[in-house]
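Trainee: Please give me a close look at one part of this model, and show how it packs with its surroundings.

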Amino acid sequence: MSNERDPYEILQLSPSAVPEVVEAAYRALALLYHPDRSADPDAAHAMAELNWAFGELRDPEQRSAADQARAPIPIDPTPSSASLTERMQEAAATAVERDLQNPANVILDFGRYAGMSLGQIVRIEPGYLEWLRRQSSGLRYRHQINEVLSSHEARRAASSVE
């Protein structure tokens, strides 16, 4: 797998996405970027990227190889009986252990996103973090939320320029 092409980014997915979500993301993006439906001159290239990414992630063996090439943490190839929530919490804990100074790894301990890191929340619902930093319950996280939102906006601005 090339370092420049991340199938998860192309399909706009989290690496923890279940196979059904991978397929749903592919189908939704294919509807947007298929050359027969889009007037965008880069639609054919976008569709080729989507097809490549879906091919990498739909086959469990290829996905495992792509994950191992991408992740500096060991991946257990045996399926887990843990729930999706438990797997997400375990992945968040592993990320926090790797980089304790990163504000995106701060874990919320209350509310509807309890147990999730600020980095995960900003990818799911950045508006929640904007709301939380204005609330008294988010006061202790305000500095980290500001850094995470600034970083998120910078990435969005950089990707819109490309």
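Mentor: Two residues are in contact when heavy atoms lie within 4.5 Å. Helices are DSSP runs (H or I, at least four residues; strands are E, at least two) numbered from the N terminus. The model is predicted, so local features need pLDDT of at least 70 and side-chain atom pairs count only at pLDDT 80 or more, while totals for chains, interfaces and linings use all residues. Residues are numbered from 1 along each chain as its sequence is written, and side-chain values use heavy atoms, with hydrogens and water left out.

The part to look at is helix 4, which covers residues 60-70. Its buried residues (under 20% relative accessible area with a 1.4 Å probe, protein chains only; exposed is over 50%, partly exposed in between) are Arg63, Ala66 and Asp67. Viewed down the axis, these buried residues fall within an arc of 100° (taken from the directions from the helix axis to the C-beta atoms), so they line one face of helix 4. The face turned away from that buried side carries the exposed residues Glu61 and Ala69. On the buried side, the packing partners of helix 4 are helix 1 (7-10), helix 2 and helix 3.

Helix 2 shows the arrangement from the other end. The buried residues of helix 2 pack against helix 1, helix 3 and helix 4. They are Val22, Ala25, Tyr26, Leu29 and Ala30. Those residues cover an arc of only 130° around the axis, which puts them on the same side of helix 2. Glu20, Arg27 and Leu31 are exposed on the other side of helix 2.

Rings of Phe, Tyr and Trp (its six-membered ring) pair if their centres lie within 6.5 Å; planes under 30 degrees apart count as stacked, over 60 as edge-to-face and the rest as tilted. The count by this rule is four aromatic pairs. Tyr26 and Phe54 have ring centres 4.2 Å apart and planes at 10°, so this pair is stacked. Tyr26 belongs to helix 2 (residues 19-33) and Phe54 to helix 3 (residues 43-58), so the pair ties together parts 28 residues apart in sequence. Tyr26 and Phe54 are both buried.

Another pair is formed by Tyr113 and Tyr128, with ring centres 4.9 Å apart and planes at 70°, so it is edge-to-face. Tyr113 lies in the loop between helix 5 (84-98) and helix 6 (118-124), and Tyr128 lies in helix 7 (residues 126-132), so this pair ties together parts 15 residues apart in sequence. Tyr113 counts as buried at 10% relative accessibility, and Tyr128 counts as buried at 7%. Ring pairs link Tyr113, Tyr128 and Trp131 into a cluster.

As for the whole chain, it has eight helices and zero strands. Buried residues make up 31% of its 162 residues. Of the contacts between residues at least 6 apart in sequence, 44% join residues at least 24 apart.
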